[in-house]
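User: I have this protein open and want to find my way around. Please start with the helices.

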Amino acid sequence: MCTSIVVNRKKTIVGWNLDLLDMEYRVRSSGSGVFIEIFDEKEGWLPLFGANPEGDFVGMPTCWPYDERSECSGQGNSIIRLNIDLLLGRKTLPEIRETAENEPVYSEPGVTFMGALSDREGNVLHIVPGQGNLYYERPDHAVLTNFSPFKGDSEFHPWMGMDRYKTAEAMIREAGDGFDVADCFGILKAVSQEKCPTVVSMVYDVSGKTVYWCEQRDWDNILSMRFLKQEYIGCCGLDCETCEARLATVRGDDELRVRVAELWSELNGVRITPDMINCTGCRLPGVKTPFCGSICVIRKCVADKPFETCGNCPEMDTCEKLEMIMGRNRSALENLKMMR
Ligand code: SF4
Ligand code: SF4
């Protein structure tokens with residue numbers, strides 16, 4: 001019957017349990033997303049749930065008791081199409097929100113599908129066809145199971161999943177600021193179902209651009225997929241796309257500059273001021289921080305060889321210069337291997 005979770009703390013973590021009875025499904029992963037597809041006799045495989053590289057996530061819990069206001073009145077937008085538009089990157093979350101707020105949204109006859117949608121920033125949009133929408137700007141967390149957020153438990157149905165909702169809420173509240181992938185899988189496991197079985201459990205570490213999933217509650221066999229844009233991988237393997245110095249620069253965000261300067265000063269034991277936090281990315285045109293632009297020995301070494309990144313260098317596995325970075329960020333090594 002499904003559970004949707006979004007948590008915004010140090011990281012943005014999204015979780016989704018797909019509970020499914022008697023329907024064919026498959027998980028398909030590629031550079032354009034990790035999609036859970038359902039087989040429809042008329043339309044074939046439909047990507048209805050999952051994550052895309054832009055940081056969007058789509059869950060679609062059913063809503064019980066069924067409410068006939070969600071039936072199509074002859075005009076408006078299908079909730080299924082809106083959800084697919086976000087998942088396939090045809091529309092952004094703000095565009096879907098605008099549509100949902102200004103035009104009618106309908107579901108399928110006899111069943112109310114809801115949209116449990118989120119984006120890279122951790123903003124959340126819940127669409128309940130025929131009843132309304134709720135938008136949360138980067139909430140600490142948001143949970144949705146199979147009841148209408150407009151009705152709560154005022155109307156009872158055995159499938160509405162208030163128990164799962166309460167369990168997930170309590171576990172999220174207990175978890176600290178470091179809420180991470182393992183915490184999210186812990187909750188998905190606690191609310192997983194056997195009667196209407198949980199067939200896919202998926203967690204999206206949006207900040208780390210990595211999707212994790214397992215099928216049929218096989219918690220020891222978790223697969224993963226990282227979305228990487230090669231041009232954003234720095235000479236040393238760091239992913240500049242998620243670097244807060246770059247985000248502060250491209251967004252013109254002075255508050256973030258101050259926070260990054262304080263953090264980097266503490267980590268490096270030197271004084272770094274907010275005006276130094278200006279960088280578009282190691283291998284992209286534009287301004288660089290003093291460290292990345294002129295001090296970084298790795299960037300100089302790569303330019304002298306010349307290579308694109310250390311991933312092209314035969315000395316990569318034994319290089320002492322690189323070791324400094326790898327000690328702090330193991331994913332940099334994986335990024336370089338991918339660039340080979
Ligand atoms: S090059 Fe710029 S964007 Fe990349 S890690 Fe360094 S400071 Fe961040
Ligand atoms: S020697 Fe090779 S691996 Fe080491 S910094 Fe230079 S290019 Fe990178």
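Analyst: H1 and H2 are roughly antiparallel to each other. The terms: angles under 35 degrees count as roughly parallel, over 145 as roughly antiparallel, 65 to 115 as roughly perpendicular, and the rest as oblique. One caution: this is a predicted model, where local features need pLDDT of at least 70, side-chain atom pairs count only at pLDDT 80 or more, and totals for chains, interfaces and linings use all residues. Residues are numbered from 1 along each chain as its sequence is written, while chains are lettered from A and ligands numbered from 1 in the order in which they are written.

User: What angle and axis distance do H1 and H2 have?

Analyst: Helix H1 covers residues 79–87 and helix H2 covers 93–102. They pack at about 165 degrees, with axes 9 Å apart. Axes are lines fitted to C-alpha atoms, for helices over the stretch in contact, and angles run from 0 to 180 degrees between N-to-C directions. The labels are DSSP runs numbered from the N terminus: helices are H or I with at least four residues, strands are E with at least two.

User: Is the crossing of H1 and H2 left-handed or right-handed?

Analyst: Right-handed. That is the clockwise case; a left-handed crossing has the near helix turned anticlockwise from the far one by less than a right angle.

User: Which residues meet there, in H1 and H2?

Analyst: From H1, Leu-82, Asp-85 and Leu-86. From H2, Leu-93, Ile-96, Thr-99 and Ala-100. Contact requires C-beta atoms, placed from the backbone, within 7 Å. By class, that contact has 5 nonpolar, 1 polar and 1 charged residue. Ala, Val, Leu, Ile, Met, Phe, Trp, Tyr, Cys and Pro count as nonpolar, Asp, Glu, Lys and Arg as charged, and the others, Gly among them, as polar.

User: Next pair. How do H5 and H6 pack?

Analyst: Helix H5 (244–251) and helix H6 (254–268) pack at about 160 degrees, axes 8 Å apart. They are therefore roughly antiparallel. Their crossing is left-handed. Glu-244, Ala-245, Leu-247 and Ala-248 in H5 meet Leu-256, Arg-257 and Val-260 in H6. That contact splits into 5 nonpolar, no polar and 2 charged residues.

User: What about H8 and H9?

Analyst: Their axes come within 9 Å and cross at roughly 135 degrees. That makes H8 oblique to H9. The crossing is left-handed. Val-297, Ile-298 and Cys-301 in H8 meet Lys-321, Leu-322 and Ile-325 in H9. Here the classes are 5 nonpolar, no polar and 1 charged.

User: Switching to ligands. Which residues are around ligand 2?

Analyst: Ile-298, Cys-301, Val-302, Lys-305, Phe-307, Cys-310, Cys-313, Glu-315, Met-316, Cys-319, Lys-321 and Leu-322. A residue counts as near a molecule or strand if its C-beta atom, placed from the backbone, lies within 6 Å of it. Helix H8 (297–304) and helix H9 (320–328) are the elements that give two or more residues to this shell. H8 supplies the largest share, 3 residues. By class, the shell has 9 nonpolar, no polar and 3 charged residues.

User: And which are around ligand 1?

Analyst: Gly-234, Leu-238, Cys-240, Cys-243, Ala-245, Arg-246, Cys-279, Gly-281, Cys-282, Lys-288, Thr-289 and Cys-292. This shell has 7 nonpolar, 3 polar and 2 charged residues.

User: Where is the cis peptide bond with omega near -5 degrees?

Analyst: From Trp-64 to Pro-65. Pro-65 sits in the loop between strand S7 (62–63) and strand S8 (77–78). Another cis bond joins Lys-305 and Pro-306, with omega about -10 degrees. Pro-306 lies in the loop between H8 and H9.

User: What is the phi of Asp-22?

Analyst: Positive, about 55 degrees, although Asp-22 is not a glycine. Asp-22 is in the loop between strand S2 (12–19) and strand S3 (25–30).

User: Last one. What domains is the protein divided into?

Analyst: Domain 1 (3–226) and domain 2 (230–339). The bounds come from an automatic or database domain assignment. Their centres, taken over C-alpha atoms, are 34 Å apart.

Terms used
Contact = placed C-beta atoms within 7 Å.
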